Amino acid sequence: MSRDDADLLKALHAEHGDALFSHALRLAGGDRQRAEDLVQETLLRAWQHPEALDPARGSVRAWLFTTARNLAIDAWRRRAARVGEVFTDQLPETPAVADETERAVESWAIAEALTRLSRPHREVLVECFYQGRSVAEAAERLGVPPGTVKSRTYYALRSLKVVLQELGVTQ
């Protein structure tokens, strides 16, 4: 930064600093830190674009205020695009511990229901859901086309639902 640049920034701050800070404070909703950041960034833009400060192009203060406003809008848009942080002075509730007995009974009921399915239906459900294989992987493992895996999965799930209802397991 040359001596002339430093003098320009000092002059801008001396002449427009208080008014610019007041404007930035309104734009920042009263947040002094954000307002100071807006003023700093606005003066940085003025230093980067001295041609914009030519009085023949218009009011310097108007350019500074417009730049501060645009920067505030850009910052607001960036914050709105991000997932917001939650500030609280209360600890979150601890999740309820799942009843292991209920989970064990459900597992036994599902295992019983699987034994009541046809072998092809049981095999496709085991491959896709319990082994976590993709349709292509299950098809290769079972020696059938991928379309067959898809249709068997569809009908196996329908059959499993019926069997579970017969066993008294509700959703």
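**Entry 1: Arg69**

I began with Arg69, which at 45% relative accessibility counts as partly exposed. I noted the cut-offs: buried means under 20% relative accessible area, exposed over 50%, and partly exposed in between, with a 1.4 Å probe and protein chains only. I then noted that this is a predicted model, in which local features need pLDDT of at least 70 and side-chain atom pairs count only at pLDDT 80 or more, while totals for chains, interfaces and linings use all residues. Residues are numbered from 1 along each chain as its sequence is written, and side-chain values use heavy atoms, with hydrogens and water left out.

I found Arg69 in helix α3. Helices (H or I, at least four residues) and strands (E, at least two) are DSSP runs, numbered from the N terminus. I looked up the contacts of Arg69, leaving aside neighbours within four places in sequence, and got His23 and Leu27. Contact means heavy atoms within 4.5 Å. Between Arg69 and Ala24 I read 7.6 Å, C-alpha to C-alpha, although 45 residues separate them in sequence.

**Entry 2: the whole chain**

I listed the elements from the N terminus and wrote down α-α-α-α-α-α-α. That is seven helices and zero strands. Of the 171 residues in the chain, 26% are buried. Among contacts with a separation of 6 or more, 55% join residues 24 or more positions apart. The chain exposes about 12600 Å², and carbon and sulfur atoms supply 53% of that area. The areas come from the Shrake-Rupley method with a 1.4 Å probe; for residues, only the protein chains shown count as cover.

**Entry 3: helix α2**

I checked the length of α2, residues 32–48. At 1.5 Å a residue, its 17 residues should span 24 Å, and the end C-alpha atoms are 24 Å apart, which agrees. The expected span is 1.5 Å times one less than the number of residues.

Which residues of α2 are buried? I listed Ala35, Leu38, Val39, Thr42, Leu43 and Ala46. They cover an arc of only 125 degrees around the axis, which puts them on the same side of α2. The arc is that of the directions from the helix axis to the C-beta atoms.

At the N-terminal end of α2 I found Asp31 as a cap, with a side-chain oxygen 3.1 Å from the backbone nitrogen of Gln33.

I picked out Thr42 in α2. Its relative accessible area is 0%, so Thr42 is buried. Beyond four places in sequence, Thr42 touches Leu20, Trp63, Leu64, Thr67, Ala68 and Leu71.

**Entry 4: the cores**

I looked for nonpolar cores, meaning sets of buried Ala, Val, Leu, Ile, Met, Phe, Trp, Tyr and Cys residues joined through side-chain atoms within 4.5 Å. The largest has 18 residues, and those with the most contacts inside it are Leu12, Leu20, Val39, Leu43 and Leu64. The elements giving two or more residues to this core are α1, α2 and α3. Its largest share, six residues, comes from α3. Apart from it lies another core, of 14 residues, including Val149 and Leu160.

I followed Leu43 and found that, not counting residues up to four places away in sequence, Leu43 touches Leu9, Leu12, His13, Leu20 and Leu64. I also looked at His16 in α1. At 7% relative accessibility, His16 counts as buried. Beyond four places in sequence, His16 touches Val60, Arg61 and Leu64.

**Entry 5: helix α7**

I repeated the length check on α7, residues 146–166. The 21 residues should span 30 Å at 1.5 Å a residue, and the end C-alpha atoms are 30 Å apart, which agrees. The buried residues of α7 are Val149, Thr153, Ala156, Leu160, Val163 and Leu164. They cover an arc of only 100 degrees around the axis, which puts them on the same side of α7. The face turned away from this buried side carries the exposed residues Lys150 and Glu166. What covers the buried residues of α7 includes α4 (100–115), α5 (119–130) and α6 (135–142). After α7 comes Gly168, with a positive phi near 85 degrees.

Terms used: A polar contact is a pair of N or O atoms within 3.5 Å; within protein, one must be able to donate a hydrogen and the other to accept it, and residues adjacent in sequence count only if both atoms are side-chain atoms.
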